[in-house]
Amino acid sequence: MEGLVNSRIIPIRTSCRRHYSVFLPTFSLQLRNKNLNKGQVWMMRRPKSLDSVAASIQPLEASTTGNTDNRQPSKEVLELWRSADAVCFDVDSTVCVDEGIDELAEFCGAGKAVAEWTARAMGGSVPFEEALSARLSLFKPSLAQVQDFLDKRPPRISPGIEELVKKLMARNTDVYLISGGFRQMINPVASILGIPQENIFANQLLFGSSGEFLGFDANEPTSRSGGKATAVQQIRKVKGYKALVMIGDGATDLEAHKPGGANLFICYAGVQHRESVAAKANWLVFSFTDLITALE
């Protein structure tokens, strides 16, 4: 605990050409000047004036058994997709072709053991927060290791995602990244796609004054099971979106499809096909081309 109190946030360099902050956006995280020497961090509350009641469009029901027909979207699904005023993307194995924490662990020499925990977490067999803590404890990445990883392993994004994001933005659809991964690794992805920092909801690695690993910020909603659902519900409450779509590959993405959250869940199985998740999706796609074409 003492190490955390005396820790300080150290910026991480990246090889991405666009400017961005590698830590929390200014709307949600600030440092109190009088406490800078102590490294204390506090979360700002959102202004009450931004609170609004989201429209009462109910989420489409998905199959609770096996949905063998969801590769062909219904008319209702297509209408919701085309009318969405916000789309939230998972990052690992969706926007990107790999699992960020697995890649970092492999870089640090603990890839196999961490990948096994990731598979369990994404399949929904263990609580996400338990899996996250267990994975990090297996290799405890230092600040220097994370920086070295970012320098040598630039993001590998999925085919078609850049075109899809551009098309959505051209339609004035807001785009968000909602991830159980780490902000230090997701900020370069957002920069490539032109997604603003304030539209990222992700976890935060914590380091001590010497760059040693201390843990992760447990106050982030995405650090625990049901966290993506909480993040999506917060987004809708603040922004008042009438139709919001969640796109991802895992059980934590499916959880966001609930009243007050995502109206539509699209399972992207172009990297990982998790059958238990895909069966409950409103729409199952293996290529972002399907989503691009449906907007035209």
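This is a predicted model: local features need pLDDT of at least 70, side-chain atom pairs count only at pLDDT 80 or more; totals for chains, interfaces and linings use all residues.
## The six-stranded sheet

Six strands form an open sheet in the order E5-E4-E3-E8-E9-E10, and their pairing is parallel. The edges are taken by strand E5 (200-203) and strand E10 (283-285); each has a single partner strand, so one side of each is left without a neighbour in the sheet. On average, neighbouring strands of this sheet are turned by 15° against each other, direction ignored.

Within the sheet, strand E3 (residues 86-89) and strand E4 (residues 174-182) run parallel and are joined by four bridges. Cys88 has Tyr176 in E4 as its bridge partner. Helix H2 (residues 75-83) lies across E3, strand E8 (244-248), strand E9 (264-268) and E10. Relative to E9, helix H2 runs at about 95°.

## The annotated aspartates

An unreviewed UniProt entry lists Asp90 and Asp92 under "active site". Asp90 is in the loop between E3 and helix H3 (91-95), whereas Asp92 is in helix H3 itself.

Asp90 has a relative accessibility of 4% and therefore counts as buried, the cut-off being under 20%. Its side chain makes a polar contact of 3.0 Å with the side chain of Thr94. With neighbours within four places in sequence left aside, Asp90 is in contact with Val95, Ile178, Lys228, Met246, Ile247, Gly248, Asp249 and Asp253.

Asp92, at 12% relative accessibility, also counts as buried. Not counting residues up to four places away in sequence, Asp92 touches Asp98, Glu99, Gly100, Ser179, Gly181 and Asp249.

## Helix H7 and its buried side

Helix H7 (residues 143-152) has five residues that are buried: Leu143, Val146, Gln147, Phe149 and Leu150. These residues lie on the same side of H7 because they cover an arc of only 160° around the axis. In an α-helix there are 3.6 residues a turn, so residues three or four places apart point the same way.

On the face of H7 turned away from the buried side are the exposed residues Ala144 and Lys152.

Technical notes
Residues are numbered from 1 along each chain as its sequence is written. Side-chain values use heavy atoms; hydrogens and water are left out. Buried means under 20% relative accessible area, exposed over 50%, partly exposed in between (1.4 Å probe, protein chains only). Helices (H or I, at least four residues) and strands (E, at least two) are DSSP runs, numbered from the N terminus. The arc is that of the directions from the helix axis to the C-beta atoms. Two strands pair if DSSP finds at least two bridges between them. Axes are lines fitted to C-alpha atoms, for helices over the stretch in contact, and angles run from 0 to 180 degrees between N-to-C directions. Contact means heavy atoms within 4.5 Å. UniProt positions are given in the numbering used here, feature names are shortened, and annotations may be inferred rather than shown by experiment. A polar contact is a pair of N or O atoms within 3.5 Å; within protein, one must be able to donate a hydrogen and the other to accept it, and residues adjacent in sequence count only if both atoms are side-chain atoms.
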